[in-house]
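I opened a new page for the structure shown below, and I wanted to write down what I looked up in it, one topic at a time.

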Amino acid sequence: MKTPDEFLEDNGFVAAADIDRPTLISAFISEMERGLEGSESSLMMVPTHVGVGGRIPSGATVAVLDAGGTNFRGGVVSFPPAVSERRNQPMPGTRGEVDSEAFYGAFAEEARRILPLASSKRLGWCFSYPAEATPSLDARLVRWTKNIQAPSIVGDYVGRELLVRLGANGAGGVAVVNDTVATLLAAKATEGSRAYSSYVGFILGTGTNSAYVERTANIKKLPCADPDGRMIVNAESGGFDKIATSAFDAAADAKTADPGRNRFEKLISGAYLGGIGLEIYKGAAKAGLLPKEILSRIVGLGSLSTADFSGFCAMDGDSDGSNPLFSIFSDPVNARMARRLGLPVFERAAVLSAVHLAAFAIKTGEGNDPSAPVAISIDGSTYYKTKAISFAEIVSAELDDLLVRRRNINYEIVPPVDDAPMVGAAVAALTAGSR
Ligand code: BGC
């Protein structure tokens with residue numbers, strides 16, 4: 001009988017140890033360059049018109065909306081960063097399709113609640129989906145990710161639509177930024193006396209993506225930009241597609257709302273890892289690595305959350321009995337096999353995260369001086385809360401090798417900022433216009 005590793009490999013699964021790191025870094029960088037010059041690329045490379053030079057006026061408070069993957073939050077941000085008056089609701093479009101009125105209505109209602117509680121008239125809106133950015137910091141939604149069902153919003157300038165619904169007495173403007181941009185800005189706003197030569201913002205949660213600081217001279221598709229300036233670019237790196245995928249990845253992808261899209265995101269982020277695990281378990285039962293009798297129970301699950309998959313692989317006891325994998329694999333021999341089949345999914349995700357971060361740090365062109373490393377600011381539940389493995393440990397070990405040892409590029413994963421997406425959206429609302 002095949003070993004779990006052989007079975008995975010036979011189905012096209014490239015294990016963490018076998019990932020060709022230098023080739024993948026080159027592929028990322030060449031897709032970034034193509035995206036920056038406006039050639040066809042799987043990376044959108046959105047110029048955000050936001051720089052990192054802004055100053056936060058002392059004492060300012062900002063009303064902020066945060067449209068993430070699963071949740072929609074509202075609150076008031078003050079500095080040093082703290083969020084008050086917070087409210088958490090399901091993201092519109094995650095529980096069945098919503099139309100424009102229901103979608104914007106939910107955000108407008110929350111904005112009306114928090115705007116009077118803030119000193120800034122300008123609202124911050126962290127909007128974590130692929131969108132083009134305008135110089136006035138509005139965002140035009142290009143398509144949904146993370147299985148959101150609100151088709152009528154695609155193509156909208158979401159900030160403008162929200163302001164229309166808020167009416168004449170509403171906000172004095174809105175700054176819409178991606179969560180990666182916000183996470184980068186949150187690091188900048190909390191760096192104190194630390195000196196960094198550049199910045200990368202990385203999200204690994206329900207979805208994934210990175211933003212980084214680029215010389216405007218390199219953003220060839222933006223010909224009028226200040227040639228000596230710098231601007232944050234939102235890469236939409238979840239779209240990267242120059243990467244091999246396994247039969248299990250393909251089967252899981254076929255069940256998503258956008259098959260064939262966001263291939264990189266579907267290999268590493270929280271909305272998808274459980275789905276890959278489910279396909280591996282089905283395949284393994286069919287191939288005889290797991291008893292055929294449990295195939296119908298695996299198929300009967302229909303879906304598998306990343307939290308259950310991760311908790312099971314971590315052998316993190318099933319305290320409330322809600323994790324179905326503990327009963328399906330109650331036999332210790334099956335449990336051991338199921339863990340050996342599952343852990344590689346998380347290990348691969350961690351190494352791919354690191355390789356992708358290395359490409360962004362390299363692309364900043366900075367970090368050669370050890371006293372001014374490239375700051376990497378990270379947010380997201382998958383990165384910080386996955387139980388099966390430690391993303392933080394694997395990513396640091398890989399970056400030490402890929403950046404410091406092989407290229408003499410100094411980096412620092414900066415201390416996480418609580419509620420970084422909300423804090424960064426507030427920074428954008430206060431500093432927009434300054435580079
Ligand atoms: C979206 C990005 C976002 C990322 C992390 C992706 O699905 O396309 O805009 O930054 O998720 O939330």
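**Before starting.** I noted that this is a predicted model, in which local features need pLDDT of at least 70 and side-chain atom pairs count only at pLDDT 80 or more, while totals for chains, interfaces and linings use all residues. Residues are numbered from 1 along each chain as its sequence is written, and side-chain values use heavy atoms, with hydrogens and water left out.

**Helix α4.** Helices here are DSSP runs of H or I with at least four residues, strands are runs of E with at least two, and both are numbered from the N terminus. I looked up which residues of α4 (residues 158-166) are buried (under 20% relative accessible area, with a 1.4 Å probe and protein chains only), and found V158, G159, L162 and L166. Seen down the axis of α4, the directions from the axis to the C-beta atoms of these buried residues fall within an arc of 100 degrees, so they line one face of the helix. An α-helix has 3.6 residues a turn, so residues three or four places apart point the same way. The buried residues of α4 pack (heavy atoms within 4.5 Å) against β2, α3, β5, β7 and β8. Just after α4, I noted that G167 has a positive phi of about 75 degrees.

**Nonpolar cores.** A nonpolar core is a set of buried Ala, Val, Leu, Ile, Met, Phe, Trp, Tyr and Cys residues joined through side-chain atoms within 4.5 Å. The largest has 79 residues, of which Y281, L290, F329 and L341 touch the most other members. Helix α12 (residues 332-364) gives the largest share of this core, 18 residues.

**N323.** I found N323 in the loop between α10 and α11, and it counts as buried because its relative accessibility is 7%. The side chain of N323 reaches the backbone oxygen of D308 at 2.9 Å, and a polar atom of that side chain lies 3.1 Å from the backbone nitrogen of L325.

Note on methods: Buried means under 20% relative accessible area, exposed over 50%, partly exposed in between (1.4 Å probe, protein chains only). A polar contact is a pair of N or O atoms within 3.5 Å; within protein, one must be able to donate a hydrogen and the other to accept it, and residues adjacent in sequence count only if both atoms are side-chain atoms.
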